[in-house]
Amino acid sequence: MNARNETTDKPMRRQYVKFSVYEIDPAWRRLDPSTRESGKDELCRIVQGFSSRLFVKSYSLIGMRGDADFLLWQIADRLEDIRDLSATVYGSRMGAYLHMPHSFLAMTRRSIYVSPDDPHASRLIITPTAAKYLFVYPFVKTRAWYKLSKDTRQAMMDDHIAIGRKYPSVKLNTTYSYGLDDQEFVVAFETDEPSDFLDLVMELREAEASSYTERDTPIFTCIAMELREALDSLGATVDKLERLPRSVNGHGDEWVRVLSTAEVPDGASKVVYLHGDQIAVFNIDGKVYAVSNRCPHANGPISDGKIDGTVVTCPLHNSRFDLISGEPLQGPANKPLTRYQVKVEDSLIFIASAYGASDPERTLPAESR
Ligand code: FES
């Protein structure tokens with residue numbers, strides 16, 4: 001059964017999660033430099049063009065495995081958005097040289113082994129971190145596991161969860177594939193410390209639940225980087241060719257067009273993605289605000305929160321935040337929401353990087369008209 005949003009009593013949204021592992025045909029490296037560069041530019045533009053429809057985070061696997069060059073981690077509300085991105089990538093100039101030797105589709109779901117009151121159970125909305133490394137693999141339990149009583153499984157999972165909490169530098173994202181894809185789960189671990197992940201996996205092998213693992217390979221070791229950089233690492237980079245035209249603000253940060261004002265009308269909110277961050281965009285009385293979509297308390301989806309004036313209430317545990325300053329007005333959150341620079345030009349909404357804590361522009365929303 002779907003969990004419910006405490007402030008609106010509507011079912012909480014669940015997300016589709018897709019890991020697409022691409023490999024490039026070596027013939028692409030023999031193309032002339034300008035063809036390769038324009039193909040990379042086009043692919044970056046395609047992925048950026050989907051920023052209002054799905055989250056895409058890119059990773060390089062060059063040198064990590066023989067059958068994989070880069071990975072796109074996609075998070076969407078609709079399967080069609082994942083399909084459309086894939087189709088557009090394959091229709092591009094570079095797409096003619098790409099194939100996908102590995103692909104994992106899954107959905108978010110509340111864990112049945114974690115109490116609903118535990119913030120770690122709130123995994124309906126995936127919120128990737130800025131971690132440098134991602135370790136991904138499909139996971140299948142033995143059928144004998146499902147014959148065990150719920151209490152027996154719970155006891156084993158309690159041990160499993162306790163081991164995981166000994167490694168706070170490693171964040172686990174578990175998603176569910178039953179009936180959607182070949183595996184039962186896709187697990188994605190984010191960390192800045194591969195050695196911590198290695199130690200965690202070694203310790204988990206000794207836990208009793210491990211004897212009920214049917215399959216947990218292939219494993220992908222991925223290095224986070226901007227898509228352009230990941231494509232450059234495919235080889236044959238030409239440094240001196242002209243790159244995409246850039247529009248920058250006074251601090252040299254790039255403005256990225258994320259939405260038209262028609263896509264986020266008065267009183268509405270929308271999630272967009274910028275450099276790996278999930279950003280909630282609100283239009284309140286013609287003024288546009290952009291804040292992190294991750295509540296600083298326990299990652300609640302701020303875009304789903306109730307709005308009252310310029311105050312948003314987190315749907316998970318009811319922390320209230322002022323969208324103008326980002327400051328918490330009511331706990332349990334005790335840290336501010338990250339705010340992003342936003343401007344509106346010709347009915348288009350642009351976002352640049354987050355404001356620093358002492359930035360004097362911090363209190364200025366953008367007019368949407
Ligand atoms: S996640 Fe707990 S108040 Fe937002």
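Me: What percentage of the contacts in the chain between residues at least 6 apart in sequence join residues at least 24 apart?
Reply: The model is a predicted one, in which local features need pLDDT of at least 70, side-chain atom pairs count only at pLDDT 80 or more, and totals for chains, interfaces and linings use all residues. Residues are numbered from 1 along each chain as its sequence is written, and side-chain values use heavy atoms, with hydrogens and water left out. A contact means heavy atoms within 4.5 Å. Among contacts between residues at least 6 apart in sequence, the share joining residues at least 24 apart is 66%.

Me: How many helices and strands does the secondary structure of the chain come to?
Reply: Both kinds of element are DSSP runs numbered from the N terminus: helices are H or I with at least four residues, and strands are E with at least two. On that basis the chain comes to six helices and 20 strands.

Me: What percentage of the residues of the chain count as buried?
Reply: Buried means under 20% relative accessible area, exposed over 50%, and partly exposed in between, with a 1.4 Å probe and protein chains only. Accessible areas come from the Shrake-Rupley method with a 1.4 Å probe, and for residues only the protein chains shown count as cover. The chain exposes about 17,300 Å², of which carbon and sulfur atoms supply 50%. Of its 369 residues, the share that counts as buried is 50%.

Me: How do the residues of the contact of α1 with α2 divide into nonpolar, polar and charged?
Reply: On the α1 side the contact is made by L43, I46 and V47, and on the α2 side by L85, T88 and V89. Ala, Val, Leu, Ile, Met, Phe, Trp, Tyr, Cys and Pro count as nonpolar, Asp, Glu, Lys and Arg as charged, and the others, Gly among them, as polar. The division is five nonpolar, one polar and no charged.

Me: Is the crossing of α4 and α5 left-handed or right-handed?
Reply: The axes of helix α4 (residues 150-165) and helix α5 (residues 194-205) come within 10 Å and cross at roughly 160°; α4 and α5 are therefore roughly antiparallel to each other. The contact is made by H160, I163 and G164 of α4 together with L200, E203 and L204 of α5, a set of three nonpolar, two polar and one charged. A crossing is left-handed if the near helix is turned anticlockwise from the far one by less than a right angle, and right-handed if clockwise. The crossing of α4 and α5 is right-handed.

Me: What separates the C-alpha atoms of L72 and K18?
Reply: L72 belongs to strand β3 (residues 70-76) and is buried at a relative accessible area of 2%. Leaving aside neighbours within four places in sequence, its contacts include K18, F19, V56 and L227. L72 and K18 are 54 residues apart along the chain, and their C-alpha atoms are separated by 8.0 Å.

Me: Is Y273 buried or exposed?
Reply: Y273 is found in strand β11 (residues 269-274). Apart from neighbours within four places in sequence, Y273 is in contact with S51, L54, F55, I75 and Q278. With a relative accessible area of 12%, Y273 is buried.

Me: Where is P332 found?
Reply: A cis peptide bond joins G331 and P332, with omega about 15°. The location of P332 is the loop between β17 (328-330) and β18 (340-345).

Me: What is the phi of D346?
Reply: D346 lies in the loop between β18 and β19 (348-354) and is exposed, with a relative accessible area of 73%. Although D346 is not a glycine, its phi is positive, at about 50°.

Conventions. Axes are lines fitted to C-alpha atoms, for helices over the stretch in contact, and angles run from 0 to 180 degrees between N-to-C directions. Angles under 35 degrees count as roughly parallel, over 145 as roughly antiparallel, 65 to 115 as roughly perpendicular and the rest as oblique.
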